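Work through the exercises below with the structure in view. Try each task before reading its solution.

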Amino acid sequence: MTTITINFIAADGSTTSAKGKIGKSLMEAAVSAGIDGIAADCGGLLTCATCHVYVQEPFASDAGNLPPPDGEELGMIDFTAAPHRPTSRLSCQIKLTPALDGLTVELPATQY
(Lines give C-alpha, C1' and ligand atoms only; values in the text may rest on other atoms or scores of the structure.)
Protein backbone atom coordinates (compact mmCIF):
# COMPACT_ATOMS: atom_id res chain seq x y z
CA MET A 1 0.00 0.00 0.00
CA THR A 2 1.48 3.33 -1.02
CA THR A 3 -1.59 5.50 -0.41
CA ILE A 4 -4.44 5.63 2.06
CA THR A 5 -7.92 7.12 1.87
CA ILE A 6 -8.66 10.22 3.91
CA ASN A 7 -12.15 11.63 4.41
CA PHE A 8 -12.70 15.36 4.88
CA ILE A 9 -15.92 16.82 6.29
CA ALA A 10 -16.32 20.50 5.34
CA ALA A 11 -17.89 23.01 7.71
CA ASP A 12 -21.09 22.83 5.61
CA GLY A 13 -21.27 19.05 6.17
CA SER A 14 -20.25 18.01 2.68
CA THR A 15 -17.66 15.24 2.44
CA THR A 16 -14.73 14.62 0.13
CA SER A 17 -12.39 11.65 0.01
CA ALA A 18 -8.81 11.90 -1.16
CA LYS A 19 -5.76 9.70 -1.41
CA GLY A 20 -2.68 10.48 0.63
CA LYS A 21 0.80 9.04 0.21
CA ILE A 22 2.21 7.05 3.09
CA GLY A 23 4.96 9.07 4.81
CA LYS A 24 3.53 12.46 3.83
CA SER A 25 1.57 14.67 6.19
CA LEU A 26 -2.19 14.97 6.22
CA MET A 27 -1.72 18.64 5.32
CA GLU A 28 0.33 17.74 2.24
CA ALA A 29 -2.33 15.27 1.14
CA ALA A 30 -5.08 17.88 1.58
CA VAL A 31 -3.17 20.53 -0.36
CA SER A 32 -2.32 18.07 -3.16
CA ALA A 33 -5.99 17.10 -3.42
CA GLY A 34 -7.14 20.74 -3.47
CA ILE A 35 -9.17 20.43 -0.28
CA ASP A 36 -10.77 23.77 0.59
CA GLY A 37 -10.41 24.63 4.25
CA ILE A 38 -6.72 23.79 4.71
CA ALA A 39 -4.73 26.99 4.15
CA ALA A 40 -1.30 25.65 5.21
CA ASP A 41 0.30 29.09 5.17
CA CYS A 42 3.60 27.98 6.73
CA GLY A 43 3.91 24.87 4.57
CA GLY A 44 4.13 22.52 7.52
CA LEU A 45 6.80 24.27 9.57
CA LEU A 46 4.59 24.46 12.68
CA THR A 47 4.69 28.26 12.73
CA CYS A 48 1.00 28.88 12.07
CA ALA A 49 -2.25 27.10 12.79
CA THR A 50 -3.92 27.31 9.38
CA CYS A 51 -4.10 23.54 8.86
CA HIS A 52 -6.28 22.94 11.91
CA VAL A 53 -8.60 19.90 11.78
CA TYR A 54 -10.85 17.97 14.15
CA VAL A 55 -10.00 14.27 14.10
CA GLN A 56 -13.06 12.03 14.16
CA GLU A 57 -13.52 8.68 15.93
CA PRO A 58 -12.19 6.08 16.01
CA PHE A 59 -8.92 7.85 15.22
CA ALA A 60 -9.37 10.54 17.89
CA SER A 61 -9.22 8.03 20.75
CA ASP A 62 -6.07 6.51 22.21
CA ALA A 63 -6.77 3.27 20.35
CA GLY A 64 -6.99 5.08 17.00
CA ASN A 65 -3.38 4.54 15.87
CA LEU A 66 -2.74 8.28 15.82
CA PRO A 67 0.19 9.40 17.97
CA PRO A 68 -0.77 12.17 20.40
CA PRO A 69 0.28 15.76 19.72
CA ASP A 70 3.53 16.93 21.26
CA GLY A 71 3.91 20.06 23.37
CA GLU A 72 4.86 22.27 20.45
CA GLU A 73 1.76 21.29 18.48
CA LEU A 74 -0.45 21.73 21.55
CA GLY A 75 0.98 25.22 22.04
CA MET A 76 0.26 26.18 18.43
CA ILE A 77 -3.31 24.80 18.64
CA ASP A 78 -3.99 27.59 21.16
CA PHE A 79 -3.68 30.01 18.20
CA THR A 80 -6.30 28.45 15.92
CA ALA A 81 -8.89 30.84 14.52
CA ALA A 82 -11.75 28.40 15.13
CA PRO A 83 -12.40 27.12 18.63
CA HIS A 84 -10.24 24.16 19.46
CA ARG A 85 -11.67 20.89 20.76
CA PRO A 86 -10.14 17.89 22.50
CA THR A 87 -9.75 16.32 19.03
CA SER A 88 -8.04 19.36 17.46
CA ARG A 89 -4.84 18.66 15.57
CA LEU A 90 -2.63 20.48 13.09
CA SER A 91 -2.73 18.39 9.93
CA CYS A 92 0.93 19.17 9.19
CA GLN A 93 1.84 17.12 12.25
CA ILE A 94 -0.08 13.97 11.29
CA LYS A 95 2.17 11.61 9.34
CA LEU A 96 0.19 9.24 7.15
CA THR A 97 0.66 5.55 7.89
CA PRO A 98 -1.20 2.43 6.71
CA ALA A 99 -2.90 2.31 10.13
CA LEU A 100 -4.61 5.65 9.34
CA ASP A 101 -6.41 4.35 6.23
CA GLY A 102 -9.96 5.72 6.42
CA LEU A 103 -8.99 8.65 8.65
CA THR A 104 -11.82 11.18 8.85
CA VAL A 105 -11.28 14.80 9.81
CA GLU A 106 -13.68 17.69 10.11
CA LEU A 107 -12.56 21.07 8.80
CA PRO A 108 -13.24 24.16 10.93
CA ALA A 109 -15.37 26.97 9.53
CA THR A 110 -12.29 29.20 9.24
CA GLN A 111 -8.51 29.05 9.42
CA TYR A 112 -8.19 32.86 9.83
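**Exercise 1.** Does Ser32 count as buried or exposed, going by relative accessibility?

Solution. The model is a predicted one, in which local features need pLDDT of at least 70, side-chain atom pairs count only at pLDDT 80 or more, and totals for chains, interfaces and linings use all residues. Residues are numbered from 1 along each chain as its sequence is written, and side-chain values use heavy atoms, with hydrogens and water left out.
- Locate the residue: Ser32 is in helix 1. Helices (H or I, at least four residues) and strands (E, at least two) are DSSP runs, numbered from the N terminus.
- Apply the cut-offs: buried is under 20% relative accessible area, exposed is over 50%, and partly exposed is in between (1.4 Å probe, protein chains only).
- Ser32 has 70% relative accessibility, so Ser32 counts as exposed.

**Exercise 2.** Describe the surroundings of His52.

Solution. 
- His52 lies in strand 3.
- With 0% relative accessibility, His52 counts as buried.
- Contact means heavy atoms within 4.5 Å.

**Exercise 3.** Examine the backbone at Ala40, Leu46 and Pro58.

Solution. 
- Ala40, although not a glycine, has a positive phi of about 55°. Ala40 is buried, at a relative accessible area of 15%.
- Leu46 is not a glycine either, and its phi is positive, about 60°. Leu46 counts as buried at 8% relative accessibility, and its place is in the loop between helix 1 and strand 3.
- Glu57 and Pro58 are joined by a cis peptide bond with omega about 5°. Pro58 lies in the loop between strand 3 (52–55) and helix 2 (71–77).

**Exercise 4.** In what order do the strands form the sheet?

Solution. 
- Two strands pair if DSSP finds at least two bridges between them.
- The order is 2-1-5-3-4, in an open sheet of five strands with mixed pairing.
- Strand 2 (15–21) and strand 4 (88–90) are the edge strands, each pairing on one side only.
- Strand 1 (residues 3–9) pairs with strand 5 (residues 103–106) in the parallel sense over four bridges. Phe8 stands opposite Val105 in strand 5.

Methods. Lists of a residue's contacts leave out its neighbours within four places in sequence.
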